[in-house]
Amino acid sequence: MFKNKSVMTILSRFFIGLIAAGFLMSPRALFSQFKESSKKVVVIDPGHGGTDSGATGTNGIMEKNVVLKVAKEMVRYNQNLFDNALEIYLSRYTDTLISLGERTKLAKRMNADIFISLHCNHSENPNAKGIEVYVSDRKGEHTNESILLAYNIQKANQKNLGFKSRGVKFANFQVLREGSRQIPSVLVEFGFLSNSVEAMHMGKEGNIRALALSVLQSLILSK
Ligand SMILES: [Zn+2]
């Protein structure tokens with residue numbers, strides 16, 4: 001079951017982490033990490049869209065809408081809470097269908113430091129639950145960075161939000177395969193829409209915001 005940790009809890013953990021990081025480096029180094037040379041470019045890819053709804057929840061919510069909401073909340077928090085610590089682009093801002101090729105092309109065009117595709121899971125087994133994060137099974141230059149990022153995202157969602165962790169997995173997904181040779185790339189499967197508890201959880205705006213904040217925190221803190 002979810003622990004129902006609030007957005008405030010995640011935030012306070014994040015700032016404690018930042019303060020701890022401050023002990024390890026000078027204020028100037030800490031400042032520059034977030035403000036100057038190392039401003040990371042992140043392309044967030046909300047899966048599906050338009051005629052492709054993705055999975056449908058036991059409560060009728062659609063994957064394409066859930067992941068777009070999470071992506072937009074990530075953009076909002078990045079602006080409002082973190083003073084644009086990351087330079088974020090979305091592969092889609094509306095309910096439209098774009099090809100898999102276009103999603104990764106954007107990441108290459110923007111010279112992105114991270115490509116992250118957002119999805120919700122679905123299973124024939126109504127009891128299947130938890131978060132899993134995928135990395136391309138084709139070994140590339142950025143495989144280790146992708147694995148570390150995937151691990152941090154699933155760990156943060158487990159710790160902050162109480163999601164069961166299904167671990168980091170490897171698959172031959174097109175969106176990961178095409179980008180991962182040049183860009184650290186991960187695909188997040190938030191909980192299962194086929195599980196009534198997780199579908200209900202993801203149908204609530206407050207929980208969408210908490211998911212967004214948890215993933216954003218992992219991106220900001222990643223090397
Ligand atoms: Zn999907």
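How many helices and how many strands are there in the protein? The model is a predicted one, and the protein has eight helices and six strands.

**The whole chain**

From the N terminus on, its elements run α-α-β-α-β-α-β-β-α-β-α-β-α-α. Of the 223 residues, 43% are buried.

**The nonpolar core**

Next, select Val42, Val70, Met74, Val186, Val188 and Ala212. These are the residues with the most contacts inside the largest nonpolar core, which has 54 residues. The element that gives the most to this core is helix 8, residues 205-221, with nine residues. In soluble globular proteins, nonpolar side chains tend to be buried together.

Keep Ala212 selected and display its surroundings. Apart from neighbours within four places in sequence, Ala212 is in contact with Val70, Glu73, Met74 and Tyr77.

**Helix 3 against helix 8**

Now show helix 3, residues 63-80, together with helix 8, residues 205-221. Two packed helices are described by the angle between their axes and the distance between the axes. Here the angle is about 60° and the axes are 8 Å apart, which means that helix 3 is oblique to helix 8. The crossing of the two helices is right-handed.

To view the contact itself, select the following residues:

- from helix 3: Lys69, Val70, Glu73, Met74, Tyr77 and Asn78;
- from helix 8: Ile208, Arg209, Leu211, Ala212, Leu213, Val215 and Leu216.

**Two loops on either side of helix 3**

Most residues other than glycine have a negative phi. Select His48, in the loop between strand 1 (41-46) and helix 3. This residue is not a glycine, yet its phi is positive, about 60°. Is His48 buried or exposed? With 23 C-beta neighbours inside 10 Å, His48 counts as buried.

Then move to Asn84, in the loop between helix 3 and strand 2 (87-90). Asn84 also is a residue other than glycine with a positive phi, near 55°. Asn84 is partly exposed, having 13 other C-beta atoms within 10 Å.

Select helix 4, residues 100-109, and view it along its axis. Which residues of this helix are buried? Arg103, Thr104 and Ala107 are buried. Because these residues cover an arc of only 85° around the axis, they are on the same side of helix 4. An α-helix has 3.6 residues a turn, so residues three or four places apart point the same way.

Turn the view to the other side of helix 4, where Gly101, Glu102 and Arg109 are exposed.

**Phe192 in strand 6**

Finally, select Phe192, which is found in strand 6, residues 185-192. Phe192 is buried, with 28 other C-beta atoms within 10 Å. Which residues is Phe192 in contact with, leaving aside its neighbours within four places in sequence? They are Asn121, His122, Ser123, Ala128, Lys129 and Glu198.

His119 and Phe192 are 73 residues apart along the chain, while their C-alpha atoms are separated by 9.7 Å.

How values were computed. Residues numbered from 1 in each chain as written. Predicted model: local features only at pLDDT ≥ 70, side-chain atom pairs only at ≥ 80, totals over all residues. Buried ≥ 20, exposed ≤ 12 C-beta atoms within 10 Å, placed from the backbone. Helix = DSSP H or I, 4+ residues; strand = E, 2+ residues; numbered from the N terminus. Arc of directions from axis to C-beta. Core = buried A, V, L, I, M, F, W, Y, C linked by C-beta atoms within 7 Å. Contact = placed C-beta atoms within 7 Å. Axes fitted to C-alpha atoms, helices over the stretch in contact; angles between N-to-C directions. Parallel < 35°, antiparallel > 145°, perpendicular 65-115°, else oblique. Left-handed = near helix turned anticlockwise from the far one by under 90°.
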